[in-house]
Amino acid sequence: MMKAEVIYSKDGCQWLVFGRDSHKADRIIDTNQYMVKVGNEAVLLDPGGIEIFSTMLASVVNYAPLDQIRHIFASHQDPDIISSLGLWDRTLPSASLYAPRIWEGFIRHYGCNSIDYVALPDEGQSLKVGGREFVFLPAHYLHSSGNFHFYDPEARLLMSGDVGAALMPADAPMYVSDFDSHTALMKGFHQRWMPSNDAKNDWIARVRKLDIQTLAPQHGAMFRGDDVKRFLDWFEALEVGIGSRSAAA
């Protein structure tokens, strides 16, 4: 059973996280899927791999009827992000998929016959859902060469893809409770999967200018309040891109 939790609800806007699927196969990495609903319109954020499609679908329809899910966002091309696309293509044939421009020819291999692929330009763009504006924030090389995050200025919530990810068990809490001990769960992942210190520092400089109350990664626990700044400070001090000289993963 996939866990679902409301992480923000105000003025007709609701953010939900789906994850911690107790029936997921052990060898499949645990993922967080998100949905934002504003009025009668919703967007799925990194809806996940083909293996979790059925549990994800069963969870989502408890919060939004299918005809209200008009948008899907894929932060990058990885299978744990969007290999379920072919099944969503049959389920939501009138929806639009927002994904990096450079990955269109690759992502379409998952199956995209009916859904409209909206190629995000490198500089990003905005999206209105239920009349509320959201931002596709460039996060290239964190870790994919074409990569975006999803920012809600009103909720002060940044869905940060693999940035902030931690490898945790399926019964782990949804929020970080002890930041110092949590860094041990993030260090190897970020050092190996994030290839560029320049890209990391550029992203941090831009994100520090945003008002963020919650940082919501695709794996592991979310950060809120002062832990958002603690994460940015920790990430800034961390050397990444060490895969060529380390076997750590």
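Which residue in β9 is the bridge partner of Leu127? In this predicted model, the partner of Leu127 is Phe134 in β9. Residues are numbered from 1 along each chain as its sequence is written. The model is predicted, with local features needing pLDDT of at least 70, side-chain atom pairs counting only at pLDDT 80 or more, and totals for chains, interfaces and linings using all residues; side-chain values use heavy atoms, with hydrogens and water left out.

Helices (H or I, at least four residues) and strands (E, at least two) are DSSP runs, numbered from the N terminus. Two strands pair if DSSP finds at least two bridges between them. Strand β8 (residues 125-129) pairs with β9 in the antiparallel sense over 5 bridges. The two strands form a hairpin with 2 residues between them. Gly130, in the turn, has a positive phi of about 60°. On to the next pairing: β9 and strand β10 (residues 148-152) run antiparallel and are joined by 4 bridges. Here Val135 has Tyr151 in β10 as its bridge partner. β10 in turn is joined to strand β11 (residues 157-159) by 3 bridges, again antiparallel. Asp152 stands opposite Leu157 in β11.

These strands belong to an open sheet of 6 strands, ordered β8-β9-β10-β11-β12-β13, with mixed pairing. β8 and β13 (223-224) are the edge strands, each pairing on one side only. Strand β9 (residues 132-138) is largely enclosed by the rest of the structure, because 5 of its 7 residues are buried. Buried means under 20% relative accessible area, exposed over 50%, and partly exposed in between, for a 1.4 Å probe and protein chains only. Helix α6 lies across β9, β10 and β11 and runs at about 155° to β9. Such angles run from 0 to 180 degrees between N-to-C directions, with axes fitted to C-alpha atoms, for helices over the stretch in contact. Contact means heavy atoms within 4.5 Å.

A second open sheet has 7 strands in the order β1-β2-β3-β4-β5-β6-β7, also with mixed pairing. β1 (3-10) and β7 (116-120) stand at its edges. Each has a single partner strand, so one side of each is left without a neighbour in the sheet. The twist averages 20° from one strand to the next. β2 and β3 run antiparallel, joined by 6 bridges. Leu16 stands opposite Met35 in β3. Helix α1 (residues 53-60) lies across β2, β3, β4 (41-45) and β5 (69-73), at about 150° to β2. The loop between β2 (13-19) and β3 (33-38) holds His23. His23 is exposed, with a relative accessible area of 63%. From His23 to Ser196 the distance is 35 Å, C-alpha to C-alpha, across 173 residues of sequence.

In soluble globular proteins, nonpolar side chains tend to be buried together. A nonpolar core is a set of buried Ala, Val, Leu, Ile, Met, Phe, Trp, Tyr and Cys residues joined through side-chain atoms within 4.5 Å. The largest such core has 29 residues, of which Leu158, Trp203, Phe223, Phe231 and Phe235 touch the most other members. α5 (179-193), α6 (197-207) and α7 (226-237) each supply at least two residues of this core. α7 gives the most, with 5 residues. A second, separate core of 27 residues includes Ala42, Ile72, Trp103 and Cys112.

Aromatic contacts were also examined. Rings of Phe, Tyr and Trp (its six-membered ring) pair if their centres lie within 6.5 Å; planes under 30 degrees apart count as stacked, over 60 as edge-to-face and the rest as tilted. By this rule there are 15 aromatic pairs. The rings of Trp103 and Phe106 have centres 5.0 Å apart and planes at 75°, so this pair is edge-to-face. Trp103 is buried, at 13% relative accessible area. Phe106 is exposed, at 51%. Phe223 and Phe231 form a tilted pair, 5.0 Å centre to centre with 40° between the planes. Both Phe223 and Phe231 are buried. Ring pairs also link Trp15, Phe73, Tyr98, Phe134, Phe136 and Phe150 into a cluster.

A charge sits over a ring if NZ of Lys or CZ of Arg is within 6 Å of the ring centre and within 35 degrees of the ring normal. Lys200 lies over the face of Phe235, 5.9 Å from the ring centre. Arg224 lies over the face of Tyr175, at 3.7 Å from the ring centre.
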